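Here's a quick briefing to read alongside the model. Have the sequence and the 3D view open as you go.

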Amino acid sequence: MTMTLAPRAGGARTGMLRAVLRNRLAAGALLVLLLMVLAAVLAPLIAPHDPNAQDLLARLRPPAWHAEGDASYLLGTDQLGRDLLSRMIYGARVSLLVGAAAALLAGTLGAIIGLVSGFLGGWLDRVLMRLADVQLAFPSILLALAIVGFVGSGLWTVVLVLGFTGWVAYARVVRSEVLSLRSREFVTEARAIGVRDRTIMRRHLLPNVLAPLATIATLHVAAAIVAEASLSFLGLGVPTDIVTWGGMLSDGQLYLGTAWWIAVFPGLALMLTSLSINVTGDALRDVADPKAYRR
Amino acid sequence: MAELTVRDREGSPGKSAEPRTGAGAGLLRGIATKLGTALIVLFCVATVSFFLVRLSGDPVKLLLPPEATVEQEATLRASLGLDRPLLVQYLDYLAGLPKLDFGTSLFYDQPVAEVLFGRLPATLLLAGAAMVVCLLIAIPAGIIAALRRGRATDSGVMAGVLIGQSTPPFWVGILLILVFAVQFQVLPASGYGTFAHLILPAITLAVYSVAVIARLLRSSLIDVLGSDYIRTARAKGLGPRGVIVGHGLRNASLPVVTVIGLELGSLLGGAILTEQVFSWPGIGRLTVEAITNRDFPLVQASVLFFAAAFVVVNLLVDVSYTLLDPRVRLRS
């Protein structure tokens with residue numbers, strides 16, 4: 001009986017994808033994203049050089065179409081003679097991985113907190129929402145450094161930091177959805193026949209908040225990618241022996257006067273990735289909530 | 001006539017059900033509650049930052065050369081007061097807060113408040129200039145996009161908004177340096193002091209907020225322009241400018257004011273990266289330095305500063321919202 005009470009989410013999801021694809025801009029953005037993901041996954045196969053191999057005779061070489069360019073270094077080289085294109089391809093791995101993992105962690109955390117807070121209410125709700133206020137007022141950069149100092153710097157440290165600082169938006173949205181769902185019949189009746197709270201949250205409430213969750217998560221991936229780049233740019237993120245776009249930009253700023261390409265291409269990749277994700281997220285939101293956002 | 005229509009916006013009737021007589025007292029009580037919450041939040045931030053910063057490592061090791069002896073380390077630790085039990089240090093720190101006494105910077109060997117407030121003008125100048133740049137671009141862009149909804153101008157503005165929201169601010173700064181300082185050499189790439197030094201950092205910091213505010217103003221104006229009282233105003237022969245200025249903007253301004261307030265908070269946070277790119281001598285750069293130097297008292301104080309700025313701005317937004325729109329009551 002309980003199965004039929006909650007609206008099913010599965011059919012709606014494929015409909016959502018189709019609706020997103022009907023938006024031509026979003027379809028283009030998805031294509032760009034797909035190419036980025038492919039490049040990241042196939043990095044060892046498609047990167048023309050080892051991203052860390054130094055060619056000291058070819059330092060600060062401009063892109064290939066430039067008069068002094070070298071055809072084997074398509075986008076030029078950095079101050080140590082490392083191939084920029086190969087480093088960008090490997091950098092995509094870090095960006096996409098950190099972005100997706102941070103959004104997943106923050107989303108899971110936020111969904112649980114939002115469900116519990118909204119459904120159970122009471123003092124727990126008040127404590128959790130106050131915690132959200134503190135989290136928002138806290139500069140996440142300090143949290144980043146403290147965690148880096150505590151567990152050592154690394155890729156997963158950055159994921160943890162961005163995951164633990166990003167949950168508030170999810171929790172607030174899920175909580176407000178749950179507050180309005182809580183008095184709906186399929187919930188009150190499930191309660192009346194003695195279904196446990198945990199089961200109600202998982203089986204009846206969670207499927208109904210998946211659409212807003214997916215939207216926030218998509219937009220959060222872009223935010224997390226930019227945040228990781230910012231941390232790496234400040235030297236507080238992923239350790240320097242791992243290639244990141246933020247780290248490349250930080251190198252590039254030192255050579256702006258002589259080698260513009262080091263700071264331009266990784267930034268372009270960063271912007272293009274974040275732009276495609278944001279376009280996809282906006283389209284997703286238009287589809288999920290046409291009343292509020294289709295303008 | 002205008003006064004009659006201004007409050008015509010659709011709102012939930014429940015919000016204004018409160019009796020008029022109790023409104024003043026309710027407002028005060030609401031503000032008091034918000035203030036109490038703000039203090040609790042600040043206390044939590046102070047506590048968490050105190051313990052978090054101590055997880056990041058030992059500042060004594062950074063202050064002394066690597067060949068220093070254990071005795072020298074112990075002497076320095078004692079003179080900095082870092083050998084006392086953690087709880088004593090914590091209570092000492094809390095006791096100083098109400099007097100704005102944040103202790104002595106380990107790195108600068110000066111009172112933290114002095115170091116911090118010495119850098120404050122630079123950050124306030126940067127954030128203020130960025131806000132001016134932001135409003136000068138975002139308000140016209142939002143209005144034009146709303147009026148030309150669906151046409152090329154609108155698409156152009158919206159494309160700009162999307163790009164602005166997706167571009168990492170520090171990269172915008174790098175590009176601006178590349179074009180205006182390296183290529184054309186018309187503006188300085190870094191430094192502080194003259195108006196020319198302010199231009200590139202202010203634009204860099206403003207980009208993201210321009211996108212947020214222009215987008216919101218557009219959608220909130222589109223909302224308002226579709227309402228009945230705007231049709232009435234048009235029907236009685238008011239020109240497009242009168243409609244926008246007299247009716248549209250006034251009613252579309254509420255959500256925008258909120259977001260402008262919140263953006264002011266995020267401008268201060270964004271200053272950390274912008275100051276780094278342009279070597280701007282503000283609090284943002286001071287904080288990053290303090291973090292890498294493990295200057296505990298300075299980190300604690302600057303974290304508290306950013307949190308306080310955020311909390312105060314939120315409080316002001318809440319209050320101004322109530323004053324601007326009598327239908328909204330502060331909920332206690």
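Residues 120-317 of chain B have end C-alpha atoms 22 Å apart, and the span is 85% helix and 0% strand (helices are DSSP runs of H or I with at least four residues, strands runs of E with at least two, numbered from the N terminus). UniProt, in an unreviewed entry, lists this stretch as "domain: ABC transmembrane type-1"; its positions follow the numbering used here, feature names are shortened, and annotations may be inferred rather than shown by experiment.

This is a predicted model: local features need pLDDT of at least 70, side-chain atom pairs count only at pLDDT 80 or more, and totals for chains, interfaces and linings use all residues. Residues are numbered from 1 along each chain as its sequence is written, with chains lettered from A and ligands numbered from 1 in the order in which they are written.

**Where A meets B**
- 33 residues of chain A touch 38 of chain B (contact: C-beta atoms, placed from the backbone, within 7 Å).
- Helices H6, H7, H11, H12 and H13 of chain A each supply at least two residues of that side of chain A.
- H13(A) gives the most, with eight residues.

**Helix H13(A)**
- Its 28 residues should span 40 Å at 1.5 Å a residue, and the end C-alpha atoms are 40 Å apart, so the two agree (expected span: 1.5 Å times one less than the number of residues).
- In H13(A), 23 of 28 residues are buried (20 or more other C-beta atoms within 10 Å of their own, C-beta atoms being placed from the backbone).

Key
Two residues are in contact if their C-beta atoms, placed from the backbone, lie within 7 Å. A residue is buried if 20 or more other C-beta atoms lie within 10 Å of its own, exposed if 12 or fewer, and partly exposed in between; C-beta atoms are placed from the backbone.
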